[in-house]
Amino acid sequence: MKKFFAQAYLWLLLALLYAPILIIAIFSFTEAKVLGNWTGFSTKLYTSLFQSGAHHSLVSAIENTLIIALISAGVSTLLGSIAAIGIDRLRGHKRAVLNTLNNIPMLNPDIITGISLFLLFVSFGISQGYTTVILAHITFCTPYVVLCVLPRLQQMNPNIFEAALDLGATPFQALRKVLIPEIKPGMISGFILAFTLSIDDFAVTIFTIGTEGLETLSTFIYADARKGGLTPELRPLSTIIFATVLLLLVVINIRAERNRRKEEEETAR
Amino acid sequence: MKDSNYIIEFNHISKSFGEKCVLDDVSLFVKKGEFVTILGPSGCGKTTLLRILAGFGTVDKGEIRIAGEDITDVPPHERPVNTVFQRYALFPHLNVYDNIAFGLKLKKVQADEIETRVRKALKMVGMTDYEWRDVNSLSGGQQQRVAIARAIINRPQVLLLDEPLAALDLKMRKDMQMELKDMHKTLGITFVYVTHDQEEALTLSDTIVVMSEGKVQQIGTPTDIYNEPVNAFVADFIGESNILNGTMIRDKVVKFIGLEFECVDEGFGENMPVDVVIRPEDVYIMAHTDSGQFEGVVQSCIFKGVHYEMTVITTEGYEIMIQDYNAFEVGQSVSMIIKPSDIHVMRKERMCNQFEGTMVDATHVEILGTSFVCNEMADIAGGEKVLVEVDFDKIELMDNKEDGTLVGDVRFILYKGDHYHLTVRTENNDNVYVDTHDVWDDRDIVGIRIQPDDLRIARV
Amino acid sequence: MKWLSKMFMKRSSWSFPYFLFLLLFVVLPLVLIGIYAFQDDAGKFTFANFSKFISNPEAANTFVYSIGIAIITTILCIVLGYPAAYILSNRSLCRSRVMVVLFILPMWINILVRTLATVALFDFMHLPLGEGALIFGMVYNFLPFMIYPIYNTMSKMDHSYIEAAQDLGANPLTVFTKVVLPLSMPGVMSGVMMVFMPTISTFAIAELLTMNNIKLFGTTIQENINNGMWNYGAALSLIMLVIIFATDLFSDNEEEMASNEGGII
């Protein structure tokens, strides 16, 4: 009985959480301009979404978003992984300082991160565009990469890097042949995380994107929504984003679950 | 190149981590082909010493030579040594074969030679046919064998082993000890072995180096170290022992547990306070007779597998630990004999606490970084350097650290038959030595107090 | 060259490039907010930006109103989220991990998309946009951020505490109030941090949910920056930073208290 109520509560809450998304998903399969009108099943919105021309700015916004996400996730993963290797070896107050600094971008509200970077760029007279957005995204993505990689390093036998050196590997060889294979799962999770964070971001992007007409998906949706009308093509787009995120999260969770099981097996042994 | 027959030379090595000095002017020389064990409790600096030899740690002072060549600044991958790590440190993403071949592949050795050598190494550690196994699927003992194979395949001049058997169970450990000993014989290379297990050290080594608090305490063969410990620390750490306060009455006569005994030691001077070490198996115990040297009552008796371990309270009130193949009942009166050659007399490291300090004013003296109230010293001016002596039994330890003038933690506990001799480390890393009848545990935090009357102050 | 390879050998120094990066892109920008906040357009030192905030009823009102909305949102999130987190972490009530993923999933969807979805829902159900929609939207947006940390703390909680309490004679209610609740407080606190601050600081959300009728503090800051009033915007940002710092301290203390209580139990 208790379990029934508990389950009912959870499902009710989930229904509430998913109702808006579901409505968008359902109405992405009809042609009506106004949401809520059902004019029969159609996939026209999906096809028109991918036809450049009429919605050229939307397509280029998607392209920009993906390029920015790929570059910033890549750089963040590199920077964050190297940093994590270093932080793992730091002790005492140096480690505490770096941990605190690493936490700041995660604790700061996006608007503060956005405004502070905006002020940085204008103070140094850097014209805003692709580069500034990517730099900003690297700033708030890297801490998450560090948090993904650090646990892998902490679980790792602390001697295996030294073992490689001991067997005649130069530090660079030891990094390539031993350390990176070991932290790879953390790096992949970090990359996926950084990628989603970058795609999702709105608040930091809008302050660093400049006025040269560069648009990402978020700023496009924002501009579009401010005009009052919600472009119908955004409905299939939201549905696609939702499905993609669902897929990514499932992948991450399966990976995590598999790692956990593997570890359990190892400890069982 | 210096001409010498030592393969490893540590010359005056010092190393600190921050405030903490982990190696204090350590010098050590190892002959080619020796099996040397560095033995000591955790935190004594033995692992640091090994890591410095392997190249993973730097030294603050001193130099290290291997085969006469100064390698102090040579990075680890260029040193002619290989290490077997405590928790094996096998590369989890490589299989057994690739783990063992790792070093040879880096040296760009021909593939077919690698294969022959890997097979030979696997045969040597008794792991033939395990080449393609995932290292994570191996047992602790098997991983250990792979780790050894991975190190020796590179034909190092020196093999370093950092507590390699610590993670194995007792039975496995005994087997591996024998195999290591055989391997040492077959390979003919120098082994430097680090452990905190004194039994392992005694079993395996040609030479044992006992370390404590960053200093070498004693270097010698296992028999030397066991039979002739140089100080109370070594005596306590190696094997079981009764360590007692005694007085050297004259040559060959020593007084302890309230009685005079004949011994073989000479040259201490007359009426000299000394430490006396008696191994528990060296006390002969028998049912009460008139022919014993001293009498006592059995306090406890525990079966230890091969022998019984008993504590006996002597008529004079001292507690002695005895091991014998015969059991005596608790409460039984017994007689005991100790042969002169089984009495080991050691010079005392110190007779009382000595602190260098400064006179603050007529009634305050600063020692151990804290100001203590003392009796009025009219003739010593403030600011003058003084030497302060305090007897071991005059230092009071308090349960609550707030009750003491200064705070310390208990580091080393020695039972001396009727009292405990403690080493208490203060927050400034000074040692205070205390005799007490109270029972304290290792690492207990205590408050330290000294009465004004007990401070003996003298000008330097 | 030698010192370079030595640096490379010492792995702790690998964190150095990132340290420089953090100084340049995290610390320096925050310092710049501080500098701009105390400057006028000409770059002279002034308190004018702050006196403007205090004397200007509109900005101050928005500020107070935002805090009110944030408090309501936070409380609603705790009320709705705590039972959910409790059920999710309780093995006998909910066995599947999929449930947890379903609750976390909305965290990963663009906040604008989520907001627009809420607007769509209100349109669809012919409900008016306004304060109600604003609070619903905020709760809908931030509820997962409350559930997740509480769930995390609860599922990491050592079950033996509960068994120990039962063993010492506590009934289910006492177990909950004396053990589970105090031990889950750190999770609640980080949940509060993750809901309260974003609610105050978000912009765009409120505009969309109320057809531009209600403004929150975040919107005010954004508008000022957009309109070129950087110094005033920086001052408002600094005020927000001070609040964050205060909540942070407050939650830290709470956390310590919670862990102390845990220690006593």
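Which residues does Ala101(B) touch, not counting residues up to four places away in sequence? The legends below start there.

View 1. The model is predicted: local features need pLDDT of at least 70, side-chain atom pairs count only at pLDDT 80 or more, and totals for chains, interfaces and linings use all residues. Residues are numbered from 1 along each chain as its sequence is written, while chains are lettered from A and ligands numbered from 1 in the order in which they are written. Ala101(B) touches Ile114(B) and Val118(B), leaving out residues up to four places away in sequence. Contact means that the C-beta atoms of two residues, placed from the backbone, lie within 7 Å. Ala101(B) sits in helix 2 (residues 96–106) of chain B. Helices (H or I, at least four residues) and strands (E, at least two) are DSSP runs, numbered from the N terminus. Ala101(B) is buried because 23 other C-beta atoms lie within 10 Å. The cut-off for buried is 20 or more other C-beta atoms within 10 Å of a residue's own, with 12 or fewer for exposed and partly exposed in between; C-beta atoms are placed from the backbone. Phe35(B) is 66 residues from Ala101(B) in sequence and 26 Å from it in space, C-alpha to C-alpha.

**View 2. Helix 4 of chain B.** This helix covers residues 140–152. Its 13 residues should span 18 Å at 1.5 Å a residue, and the end C-alpha atoms are 19 Å apart, which agrees. The expected span is 1.5 Å times one less than the number of residues. Helix 4 of chain B is mostly covered, with 10 of its 13 residues buried. Among them are Val146(B), Ile148(B) and Ile152(B), along with Arg145(B) and Arg150(B). The buried residues of this helix pack against strand 6 (81–84), helix 2, helix 3 (111–124), strand 7 (158–162) and helix 5 (170–187) of chain B.

**View 3. The largest nonpolar core.** A nonpolar core is a set of buried Ala, Val, Leu, Ile, Met, Phe, Trp, Tyr and Cys residues joined through C-beta atoms within 7 Å. The largest has 242 residues; Leu53(B), Ala149(B), Leu160(B) and Val192(B) touch the most other members. Domain 1 (56–228) and domain 2 (231–261) of chain A both give residues to this core, so it lies between them. Domain bounds come from an automatic or database domain assignment. Leu53(B) touches Ile8(B), Ile64(B), Val81(B), Leu160(B) and Val192(B), not counting residues up to four places away in sequence. Apart from this core lies another, of 21 residues, including Val390(B) and Leu455(B).

**View 4. Chain A against chain C.** Here 55 residues of chain A are in contact with 65 residues of chain C. Elements giving two or more residues to the chain A side include helix 3 (56–89), helix 8 (171–200) and helix 11 (234–268) of chain A. Helix 1 of chain A gives the largest share of that side, 12 residues. By class, the chain A side has 43 nonpolar, 9 polar and 3 charged residues. Ala, Val, Leu, Ile, Met, Phe, Trp, Tyr, Cys and Pro count as nonpolar, Asp, Glu, Lys and Arg as charged, and the others, Gly among them, as polar.

**View 5. Chains B and C.** Chain C has 12 helices and 0 strands. Buried residues make up 43% of its 265 residues. Chain B has 8 helices and 30 strands. Of the 460 residues in chain B, 38% are buried.
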